Amino acid sequence: MSVKSLVAAYNELTKLDLRILRVIEVAHRRYEWVPMEIIVKWSNRSWELVSKSLRKLNALGMVLRWRGSYTGYRLTYYGYDVLALHTLSKKGIIERLSPTPLGVGKESDVYVAEDPAGNKLVVKFHRLGRTSFRQTRKFRIWVGERRHITWLYESRLSAHMEYKALVMTYNAGVTVPRPVAVNRHAVVMEYIEGLKLSEIKTGLERPEEVLGSILDDVATTFREVGIVHGDLSEFNVLVELENEKPYLIDWPQWVPRDYKNAIELLKRDIENIVEFFRKEYDLDVDVEEALKYIVEGIELKELELEEAFEEVLTQRELRTYVLGEESEENIEKALSNIDKEFSTTGREDREKVKIGILSQGREDSSKDMNDENPAHQT
Ligand SMILES: Nc1ncnc2c1ncn2[C@@H]1O[C@H](COP(=O)(O)OP(=O)(O)O)[C@@H](O)[C@H]1O
Ligand SMILES: [Mg+2]
């Protein structure tokens with residue numbers, strides 16, 4: 001990661017820089033290291049302009065250069081972050097972003113953001129990790145020949161899986177952050193002002209109620225949504241401090257309840273939570289009893305993972321999650337969209353894109369988007 005904050009680096013980019021990043025992203029469908037010739041050709045700009053932009057993107061840590069039998073470039077996570085940020089800002093989903101992440105997990109960078117109305121959100125950029133990798137192995141059939149730059153496909157899959165789980169559980173009334181949007185490997189959701197159970201330790205005033213609420217939500221998730229969280233513990237429960245309301249977070253590794261190992265995962269989820277409350281609050285809940293209560297009366301198909309997912313997700317969802325929103329689109333169509341999005345005015349090297357910097361809830365720099373063309377979104 002560069003020394004500059006993500007949002008500061010983003011604000012240094014011109015439309016041409018973004019155009020080049022987007023061209024590289026599209027070209028990754030064919031190349032692991034995208035040849036310089038292709039970037040020049042597909043961006044429809046001069047060699048000089050493209051070289052200059054690539055030097056800058058390279059210095060900012062958004063692309064990497066490779067010199068072998070030819071000179072090629074590839075996106076880094078940082079460059080991918082910038083593309084997601086750009087789309088989210090253009091769609092009016094976020095307007096300001098914190099300069100530093102709230103937390104850098106093994107599997108994500110989580111930033112605080114604000115929408116145009118001033119609502120506090122978080123943007124969770126997914127990273128390749130243990131769980132997302134596990135998840136993707138189930139989707140080999142979809143990832144297929146795209147084995148190069150798997151991190152890109154896997155992090156996107158991970159984000160879309162999490163978003164899907166948030167939508168399903170939120171709609172069923174489970175206490176989860178309200179899902180707002182997903183783009184590439186970034187999930188946008190409501191910001192929860194609170195602390196993790198693991199941070200609160202013995203600080204809860206009404207531990208029985210908190211435990212009861214979590215177990216109720218686990219039951220609703222299983223019985224009504226038909227899925228299992230799969231990584232539930234005191235580290236993935238955020239407690240809103242005001243009213244001690246527990247939110248279940250961190251959903252990318254969920255599995256359908258008809259997956260043959262789902263009950264094992266459900267049991268582990270319950271055990272982790274019950275054990276925490278036993279240790280910190282001396283509460284005594286029988287895991288087997290809780291499990292029985294949650295599963296009672298539900299018929300389980302015990303399918304292999306892929307089959308189980310195909311019951312819950314449509315083929316189209318699966319394709320989109322892995323291959324991207326434009327998975328049905330050919331490269332030519334994508335390139336013509338780039339032309340629209342980063343519209344040609346002859347001055348694009350100077351046109352600025354900006355996202356406000358959110359610092360301790362205050363806005364440091366105002367939005368200054370030069371592009372007023374509404375028909376540019378991908
Ligand atoms: N909606 C949210 N509101 C506030 N903080 C959040 C939210 N989602 C995540 N966080 C913070 O970011 C951290 C990492 O998020 P999490 O979803 O658990 O990802 P990871 O896979 O990296 O553990 C959380 O522990 C929490 O501190
Ligand atoms: Mg977590």
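## A guided look at a predicted structure

Helix α5 has these buried residues: Y78, G79, Y80, D81, V82, L83, A84, L85, H86, T87, L88 and S89. Here, "buried" means that 20 or more other C-beta atoms lie within 10 Å of the residue's own, "exposed" means 12 or fewer, and "partly exposed" is in between, with C-beta atoms placed from the backbone. The model is predicted, so local features need pLDDT of at least 70 and side-chain atom pairs count only at pLDDT 80 or more, while totals for chains, interfaces and linings use all residues. Residues are numbered from 1 along each chain as its sequence is written, and chains are lettered from A and ligands numbered from 1 in the order in which they are written.

**Helix α5**

- Helices (H or I, at least four residues) and strands (E, at least two) are DSSP runs, numbered from the N terminus.
- How many residues of α5 are buried? The count is 12 of its 14 residues, so the helix is mostly covered.
- After α5 comes G92, with a positive phi near 75°.

**Two residues with positive phi**

- N44 is not a glycine, yet its phi is positive, at about 60°. You will find N44 in the loop between α3 (36–43) and α4 (47–59).
- Is N44 buried or partly exposed? N44 is partly exposed, because 13 other C-beta atoms are within 10 Å.
- E302 is not a glycine either, and has a positive phi of about 50°. The loop between α12 (287–295) and α13 (305–312) holds E302.
- With 14 other C-beta atoms within 10 Å, E302 is partly exposed.

**Around ligand 1**

- There are 18 residues around ligand 1, and G105, S108, V110, P177 and D250 come nearest. A residue counts as near if its C-beta atom, placed from the backbone, lies within 6 Å of the molecule.
- The elements that give two or more residues to this shell are β6 (108–114), β7 (120–126) and β9 (186–190).
- By residue type, the shell has nine nonpolar, four polar and five charged members. Ala, Val, Leu, Ile, Met, Phe, Trp, Tyr, Cys and Pro count as nonpolar, Asp, Glu, Lys and Arg as charged, and the others, Gly among them, as polar.
- Where does ligand 1 lie? Domain 2 (88–192) and domain 3 (194–248 + 260–302) both give residues to its shell, so ligand 1 lies between them. The domain bounds come from an automatic or database domain assignment.

**Strands and how they pair**

- Two strands pair if DSSP finds at least two bridges between them.
- An open sheet of three strands has the order β1-β3-β2, with antiparallel pairing. Its edge strands are β1 (34–35) and β2, each pairing on one side only.
- Strands β2 (residues 63–67) and β3 (residues 71–75) run antiparallel and are joined by five bridges. A hairpin of three residues links β2 to β3.
- Within β3, G72 is the bridge partner of W66, and Y73 stands opposite R65.
- Strand β4 (residues 96–97) pairs with β15 in the parallel sense over two bridges, and L97 has I357 of β15 as its bridge partner.
- In a regular strand the side chains alternate between the two faces of the sheet. Strand β15 (residues 356–359) has G356 and L358 on a covered face, and I357 and S359 on an uncovered one.
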